[in-house]
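I opened this entry to record what I looked up.

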Amino acid sequence: MKLKINNHDWGSIPDYYLSAIQFFCAENNYHFNWNKEEQMMEVNSSLHGKKVWLSVNTSNESTNHEIIEKVREVLTHYGVEISIVENTGWISDGDLFMELVSTKPKNDKRFVSFGYNEKLNSINVKKNLSIYKDELHFNGYYLLQERHSIPHLRCSIQCKDEEFLLNEGPSILTTCALKILLGNQKPTLLDLNVLHILKTTGKLDEDTVTNKEEIKKPNRHTQIDDKEYEEIKKQKANRKIREAQVKRPSAEIYFDYNVLPNRKLERYSIKAAFYIKNTGNVDLLNPKICFRMNPPDKIEIGGQILPPEMSEIFSIQGQNGAQGWKYMGEDWLEKAFATGDYWIESIQESIIPPGETISVEGLQFTLENLEEQESSTILGFVLFEEQELQLSSNNKIMISF
């Protein structure tokens with residue numbers, strides 16, 4: 001019986017290996033195909049058949065093309081289907097839309113940041129970039145507006161060095177793609193398609209055994225039928241559910257607000273508080289909160305949130321030091337004006353035990369009067385980066401005219 005792993009020939013193997021390989025594939029969510037007519041057994045990693053849309057936008061068309069071809073060559077090697085996006089219109093099918101955008105900073109430093117939409121669970125790629133050390137500075141994450149019905153990741157690199165972008169850009173993109181497509185699954189040598197490099201011979205048949213008499217074949221028929229194979233996969237899925245229930249991070253997030261119209265100024269004031277209740281069974285760590293305004297130029301935010309440079313001076317001093325909330329990043333206001341996203345975080349390390357609630361109180365949103373038949377919305381999102389958990393609020397603030 002012939003064996004193929006990720007389209008690489010592995011020679012011939014005895015028939016009684018069939019049940020073990022079937023079981024292995026069911027346990028690890030690998031693709032398994034048994035061709036009785038050709039006596040061929042095929043095994044492919046869980047990446048096989050995934051569809052990724054790719055867009056690269058730098059200042060150089062030749063660089064765009066080279067990066068695309070390098071990424072295509074690597075991901076196709078894993079069995080991933082790559083489609084190139086000429087324009088970033090609505091994308092509704094596939095497993096991931098990934099794009100690289102590059103701008104040139106004012107100085108010679110290199111920076112990278114990652115944007116993702118609600119369809120994509122928060123992704124922690126910071127440790128994967130540790131190989132660059134001081135060559136590439138990690139600038140954090142940001143939330144993308146919902147423009148596609150599939151997961152969307154944007155890699156934003158600020159870099160003057162064209163050679164660095166050309167050499168390292170494809171590696172960063174493929175690393176992110178593999179991490180997203182594999183999800184919480186730990187990659188194995190089979191997933192990363194390097195297993196064939198380690199093999200020392202192209203044949204694993206009985207001729208490689210020095211003493212054929214030592215092979216003890218089972219007395220019973222060991223081939224697993226389709227029904228039994230599906231049952232193994234079902235048991236594996238149920239076990240994963242039980243394991244997830246052992247430690248389950250979860251939260252309930254919502255606004256509590258009142259709308260106060262000001263007839264003289266034709267403006268509306270919204271007094272609000274934003275609550276995060278830990279409904280899981282593990283501590284939630286250091287929430288990062290995003291308030292998304294739409295339209296961004298018609299809504300202002302105020303209250304007891306401090307600019308980062310003033311957080312230590314003007315924060316409330318408690319028993320454990322500075323308390324309260326601050327905006328994230330030195331250029332937080334510029335980003336907010338451009339995107340409508342206001343990101344805030346706790347001044348001090350924040351831990352929410354199971355069953356406990358924390359809140360951002362004293363929020364005030366000021367809304368200009370819009371034209372008739374228009375509406376404005378304020379959405380809330382929370383990112384627990386260390387636990388790779390992203391949640392949106394149960395409600396939103398919406399005013400219609």
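Which helices and strands each supply at least two residues of the lining of the largest pocket? I listed strand 7 (96-103), strand 9 (137-143), strand 10 (152-158), helix 7 (332-339) and strand 20 (341-346). I keep in mind that this is a predicted model.

**Pocket**

I looked up the volume of the largest pocket and noted about 1,200 Å³. Its lining has 36 residues. Nearest the centre I found S113, N139, Y141, Y142 and K335. Strand 9 gives the largest share of this lining, with six residues. I then sorted the lining by residue class.

**Cavity**

I found one cavity of 30 Å³ or more. The volume of the largest cavity is about 30 Å³. Which residues line the largest cavity? I wrote down I270, I299, L367, S376, T377, I378, I397 and I399. Strand 23 (375-384) and strand 25 (397-400) each bring at least two residues to this lining. The largest share, three residues, is from strand 23. By class, I noted six nonpolar residues, two polar ones and no charged ones.

**Nonpolar core**

I turned to the largest nonpolar core and noted 43 residues in it. Which of them have the most contacts inside it? I recorded L75, M98, F114, L153, I172 and L173. Helix 3 gives the most, eleven residues.

I cross-checked this against the pocket.

**Aromatic rings**

I looked up the ring pairs and found nine aromatic pairs in the structure. I took F274 and F291 for a closer look. Their rings are edge-to-face, 5.2 Å centre to centre, with 85 degrees between the planes. Why does this pair tie together parts that are apart in sequence? F274 is in strand 12 (residues 267-278) and F291 is in strand 14 (residues 288-294), so the pair links parts 17 residues apart in sequence.

I then looked for a cluster around them. F255, F274, F291 and F365 form one aromatic cluster.

I also looked up a charge over a ring. The charged end of R110 sits over the ring of F164, 4.1 Å from the ring centre.

**Helix 1**

I checked burial in helix 1 (residues 18-28). The buried residues there are L18, S19, I21, Q22, C25, A26 and E27. An α-helix has 3.6 residues a turn, so residues three or four places apart point the same way. Just after helix 1, I noted a positive phi of about 60 degrees at N29.

**Backbone and loops**

Where do other positive phi values fall? I logged Q39, which is not a glycine, with phi near 50 degrees. Q39 is in the loop between strand 3 (31-35) and strand 4 (40-44). Its relative accessible area is 35%, so I count Q39 as partly exposed. N286 is not a glycine either, and its phi is positive, about 45 degrees. I placed N286 in the loop between strand 13 (284-285) and strand 14.

The bond from N294 to P295 is cis, with omega near 5 degrees. P295 is in the loop between strand 14 and strand 15 (299-302).

G329 lies in the loop between strand 19 (325-327) and helix 7. At 36% relative accessibility, G329 counts as partly exposed. I also took its C-alpha separation from I344, 15 residues away along the chain, and noted 9.0 Å.

Key:
Residues numbered from 1 in each chain as written. Predicted model: local features only at pLDDT ≥ 70, side-chain atom pairs only at ≥ 80, totals over all residues. Heavy atoms only, no water. 1 Å grid on protein atoms, 1.4 Å probe; cavity = no way out; pocket = protein on both sides within 12 Å on 5 of 7 lines; lining within 4 Å. Points joined across faces, edges and corners; volume = space filled by probe spheres on them. Helix = DSSP H or I, 4+ residues; strand = E, 2+ residues; numbered from the N terminus. Nonpolar A, V, L, I, M, F, W, Y, C, P; charged D, E, K, R; others polar. Phe/Tyr/Trp six-rings, centres within 6.5 Å; stacked < 30°, edge-to-face > 60°. Lys NZ or Arg CZ within 6 Å of the ring centre and 35° of its normal. Buried < 20%, exposed > 50% of the residue type's maximum accessible area, 1.4 Å probe, protein only. Core = buried A, V, L, I, M, F, W, Y, C linked by side-chain atoms within 4.5 Å.
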